[in-house]
Structure formats: C-alpha cells, structure tokens
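Colleague: I would like to go through this protein with you. Can we take it one question at a time?

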Amino acid sequence: MKPFKVKLFQWRYGLFLLPVVLWSPVNSAQADITCTASMNSGTVNINNAITPVNADNKAITGNLNYSCTNNGTSPAYASVHLGIDGGDSATLNPHYMSGPNSSKLAFTMTLPNGALWGNGNGSGSEYHPDPFLISPSEMITRSVVIKTTLLFGYHNAYATEGVHVNNSYITLKYDSATDNTARLNYRNGDQEAIQFPFTVQATVVSSCLINSASNIDLGSQPANLTNITGYNSVINVTCTNDALYNIGLSPSNDNADGEGVMTETPSDSYGVPYQLRSTSGVGGTIWGNTATSDNVGNGVAGTGSGAPKSHTVYVTVPSADFKPGNYSDIVTISVNY
C-alpha cells in the first residue's frame, strides 16, 4: 500500500503600509504677529475757536497710526485693515459732535485720496495698505494722514458755545503669513476686529461779526427846518447761538451819549449837531457807547442765533439853520460780547 501524503500550505498574511504625507503650503503658514492702532494720539481737536464764520469749513489733519510686531523667529508679512465705526454718531457721513443744549457739529473724515474713511460696509472706505515685511522681534510703525472737516449745509453755524465731542473707534483687523501673497480676507469676517477709541472735539466760542452797516443820508434840508429825522441805517450782526451781546455807537467826538457833530471837514470846529437813537422820533431812546459785555448801558442788547440779525439806527437833528454845505460824521460801532 502506498502511503497517502498530504501537503499542508500555510498562508502568511502581511500588512503593507503606504506612507501618507499631509502637505501644507508654506505661503499660508500663520506667523506670530500682533498689531495696534491709534488716531492722533487719541484726540483730534479741530479748533479751540469755532465761530459762525468758520463752523462750516474748518479743517485739520491728523495721523492714523498703526504698528505691528513680529513675535516669531522668522520674517513674516503683516496685512492690516483700518476702519472707523460710528461711535457716538448714528451715521458715518456725516459724523456729529455733541455739545451743550443738544447742539451739534457735523464733520467728515477723509483719506488722502479724498474718499470717506469708513468701515467697508458701503458707507465709506476702509484703509488697507499693502502687506509689509517684518523681521523677527521687529516692530514697524506707519501712519496715514486723515483729514477732518466741518461740513457746510448742516447748520454748524447755529452751534452753541461750549465743547463738542464725538467718541469713535478705530476697527483694526490684521492677518499675517510667511509670504506676501497672503492678503487679509477681512470682508468675509474671518478676523476678529479690535477696537481702539479716539475722540474728535471742537470748542465753540462766543463771537460776533459785523457783516455790514449802511449810511444815513439826511438829504438836502431847508435852513428853517427843525427836528429832522433819519433811519436808513441798518447794522447787520452775526453772533454765536445764544451769545449775549451789546452794541454801542460812538460819534467821532467820542461822546458817550451818542451826541455827535457833522462837519464839512474833519478839522472843523463847528458843524451840525445830531443825536443817535435806537427808536424813532425826537423822543426816541438815545443810543450811546456805555455798553459793555456785561451791561447794555445806553446801547442795544441782542442774543445771537448763528444767523445774521439786523438793528436799525435812528438819528435826529434839532435844526438845519447852518451855513449851506455838505456835512457828515463817522460813527464807530462796538459789539460787546
């Protein structure tokens, strides 16, 4: 009998490992950079003497400063986005400073190219310079000029005396990478905004401006005429809203009670007497020059509104019984406030 042979086959199972490489492009590597910003060291002071004359056009320039520090060990590029929020204002164009008694000053802030400095949401233009390279442990500081201007057409001239303030914020977003092709994708909101507060302020002061004053022409009068009157002169004055003022009139002889003399030449020692008055008629209230900023005296008082106001001057001449000729005098107007 032949022996029966059985061959046993053993299968060996092996585990074959395929190497897997996770690839990350170098140019998207995040670098260790931090950034800060400030506006004009915290305060933009447009002017300490805003009046109805300059309230619609006064301007000043300031610096929007930003700095970034590379805290890592390799050179890196920083990309920044600098915007402004509304702060105390409901809008960005215009911004408003608030003062006493609900007084307002409208202003705007613009970039060097004349565009509104905004927050990128359609109401203006954010500032975003090209990425810049920073060496390890280096801090780079840069700035851009921002122009702040009081705006015409928003009744700034009607602002009342006192300090007007707007509190705003710089909104800073920044990103970093190891090459300069990476740009901050701030419009997608990927980066958290950091806020840095600053103040815009202006001081409205009491001020008055004599816009115009017309002459009084008494015309040709017969010698036998008495109690001659005239009232064609109007003094036009613009004063700060709510500012109290007192107007005094002084003839060339410096008489404090408004009693002047018209002469043919300034050197004459004789002439035609006249009286300045604030109301019409021979018995009208005399208008002299004892007014001060605190007391109306024998002058005329007023309260400013930021808009022109008119005050009529009356004059009476007791008699025309003088040598025929052309007589005149110069009256000085003093506005005390």
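The questions below go through disulfides, a salt bridge, strands, pockets and backbone angles.

Colleague: What kind of model is this?
Modeller: Keep one point in mind throughout. The model is predicted.

Colleague: How many disulfides does a search of the whole structure find?
Modeller: A disulfide is a covalent bond between the sulfur atoms of two cysteines. The cut-off for the sulfur atoms is 2.5 Å. Cys35 and Cys68 have sulfur atoms 2.0 Å apart, and Cys208 and Cys239 are also joined, S to S 2.0 Å. The search of the whole structure finds two.

Colleague: Which strands hold Cys35 and Cys68?
Modeller: Cys35 and Cys68 form a disulfide. The pair links distant parts of the chain, 33 residues apart. Cys35 is in strand β1 and Cys68 is in strand β3.

Colleague: Is Cys68 buried or exposed?
Modeller: Buried means under 20% relative accessible area. Cys68 has a relative accessible area of 0%, so Cys68 is buried.

Colleague: How many residues apart are Cys208 and Cys239 in the chain?
Modeller: A disulfide joins Cys208 to Cys239. Cys208 sits in strand β11 and Cys239 in strand β12, and the pair links distant parts of the chain. Both cysteines are buried. They are 31 residues apart.

Colleague: What is the angle about the S-S bond in the link of Cys208 and Cys239?
Modeller: Start with the link of Cys35 and Cys68, which is right-handed with 110° about the S-S bond. The link of Cys208 and Cys239 is right-handed too. Its angle is 115°.

Colleague: What is the pairing of the bonded cysteines in sequence order?
Modeller: Number the bonded cysteines along the protein. The pairing is 1-2, 3-4.

Colleague: Which residue meets Lys323 in a salt bridge?
Modeller: A search of the whole structure finds one salt bridge. The cut-off is 4 Å from nitrogen to oxygen. Here the N to O distance is 3.3 Å, and the side chain that meets Lys323 belongs to Glu264.

Colleague: How many residues apart in sequence are the parts that this pair ties together?
Modeller: Lys323 lies in the loop between β17 and β18, and Glu264 lies in the loop between β14 and β15. Lys323 is partly exposed at 47% relative accessibility, and Glu264 is partly exposed at 31%. The pair therefore ties together parts whose separation in sequence is 59 residues.

Colleague: Over how many bridges do β3 and β8 pair?
Modeller: β3 covers residues 59–70 and β8 covers residues 139–150. Asn65 stands opposite Ser143 in β8. The two strands pair in the antiparallel sense, and the number of bridges is 11.

Colleague: Which residue in β8 stands opposite Thr110?
Modeller: Strand β6 covers residues 104–110. Four bridges join β6 to β8, and the two run antiparallel. Opposite Thr110 stands Lys147.

Colleague: Which element gives the most to the lining of the largest pocket?
Modeller: The largest pocket has a volume of about 880 Å³. Of its 33 lining residues, the closest to its centre are Ile216, Leu218, Met262, Tyr327 and Ser328. The elements that give two or more residues are β12, β15 and β17. With four residues, the one that gives the most is β17.

Colleague: How many nonpolar residues does the lining of the largest pocket have?
Modeller: Sort the lining by class. The largest pocket has 10 polar and three charged residues in its lining. The nonpolar residues number 20.

Colleague: What is the volume of the second largest pocket?
Modeller: Its lining residues include Glu264 and Ser328. By class, the lining divides into three nonpolar, five polar and three charged residues. The volume is about 220 Å³.

Colleague: What is the phi of Asp242?
Modeller: Most residues other than glycine have a negative phi. Asn227, in strand β12, has a positive phi of about 50° although it is not a glycine. Asp242 lies in the loop between β12 and β13. Its phi is also positive, at about 75°.

Colleague: How far apart in space are Gly153 and Asp56, C-alpha to C-alpha?
Modeller: Gly153 is in the loop between β8 and β9. Gly153 is exposed, with a relative accessible area of 51%. In sequence, Gly153 and Asp56 are 97 residues apart. In space, the distance is 7.4 Å.

Technical notes: Residues are numbered from 1 along each chain as its sequence is written. This is a predicted model: local features need pLDDT of at least 70, side-chain atom pairs count only at pLDDT 80 or more; totals for chains, interfaces and linings use all residues. Side-chain values use heavy atoms; hydrogens and water are left out. Two strands pair if DSSP finds at least two bridges between them. On a 1 Å grid over the protein atoms alone, a cavity is a set of points where a 1.4 Å probe fits but cannot get out, and a pocket is an open set with protein on both sides within 12 Å along at least five of seven lines; lining residues have an atom within 4 Å of a point. Grid points are joined across faces, edges and corners, and a volume is the space filled by probe spheres set on the points. Ala, Val, Leu, Ile, Met, Phe, Trp, Tyr, Cys and Pro count as nonpolar, Asp, Glu, Lys and Arg as charged, and the others, Gly among them, as polar. Buried means under 20% relative accessible area, exposed over 50%, partly exposed in between (1.4 Å probe, protein chains only).
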